Amino acid sequence: MTVAEIIEISDSIYGMGKKGSFGSKSAGFKASLLEKLKKDYADAQQEFSDLQDRVDAEVLQYIKALSVKKDTEYIDEAAKATIEATSKMLHKQKDPMFIDPLKIAEKITALENEIEEFVTEADAVLSEQNALTTIEVDLADIQ
């Protein structure tokens, strides 16, 4: 891979230039894709968490309504078993499920690994090019 290829690939595909390392300021396609995937996945996880919290609150409210007794009456063992069974049933019915049919988490990891591999390879090639000194000698001029 040449230095010119590294610069072109890093700017257009990986967007390394957005940090100013190769001169361009725009994010590359894969860097933009990675950012979008991470944001959308985090949003989906937050929505799932919010739904789970809402279900937990509903179940707790329902259980409190079931367990309220007048004055000093205590909840007997049968009532406790009923409340526990009801709680499990309500959670089973209402708990949200986080379904990721596209396996976005795996795609995020693969894209991060791909970008990291490119950066490592690009750094190695650029380091080699920067360290390489070429001296051209024209033997025709020597008599």
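Lys39 and Asp43 sit together in helix H2, four residues apart, which is about one turn of the helix. Their side chains form a salt bridge, with the closest N and O atoms 2.9 Å apart. Please keep in mind that this is a predicted model. Side chains of opposite charge can pair when their charged atoms come close, and the structure holds six salt bridges. It also has two aromatic pairs and a nonpolar surface patch of about 480 Å².

**Salt bridges within a helix**

- Lys39 has a relative accessible area of 49%, so this residue is partly exposed.
- The closest N and O atoms of the Glu84 and Lys88 salt bridge are 3.6 Å apart.
- Glu84 is partly exposed at 49% relative accessible area, whereas Lys88 is exposed at 55%; the cut-off for exposed is over 50%.

- The side chains of Glu114 and Lys30 meet in a salt bridge of 2.4 Å, N to O.
- This pair links distant parts of the chain, with Glu114 in helix H4 and Lys30 in helix H2, 84 residues apart.
- Glu114 counts as partly exposed, because its relative accessibility is 27%.

**The aromatic cluster**

- Which residues do ring pairs link into a cluster? They are Tyr41, Phe48 and Phe98.
- A search of the whole structure finds two aromatic pairs.
- Tyr41 and Phe98 pair edge-to-face, at 5.7 Å centre to centre and with 85° between the planes.
- Phe98 has 34% relative accessibility, so Phe98 counts as partly exposed.
- Phe48 and Phe98 also form an edge-to-face pair, with 5.7 Å centre to centre and 75° between the planes.
- Here too the pair links distant parts of the chain, from Phe48 in helix H2 to Phe98 in the loop between H3 and H4, 50 residues apart.
- Phe48 counts as partly exposed, with a relative accessibility of 27%.

**The nonpolar surface patch**

- Ile135, Val137, Leu139 and Ile142 make up the patch of about 480 Å².
- Leu139 is found in the segment after helix H4 (104-131).
- Is Leu139 buried or exposed? Leu139 counts as exposed, because its relative accessibility is 63%.

Conventions: Residues numbered from 1 in each chain as written. Predicted model: local features only at pLDDT ≥ 70, side-chain atom pairs only at ≥ 80, totals over all residues. Heavy atoms only, no water. Patch = residues over 30% accessible without salt bridge, like charges linked within 9 Å, V, L, I, M, F, W, Y side chains within 5 Å. Areas by Shrake-Rupley, 256 points an atom, 1.4 Å probe, with all protein chains shown as cover. Salt bridge = Lys/Arg side-chain N within 4 Å of Asp/Glu carboxyl O. Helix = DSSP H or I, 4+ residues; strand = E, 2+ residues; numbered from the N terminus. Buried < 20%, exposed > 50% of the residue type's maximum accessible area, 1.4 Å probe, protein only. Phe/Tyr/Trp six-rings, centres within 6.5 Å; stacked < 30°, edge-to-face > 60°.
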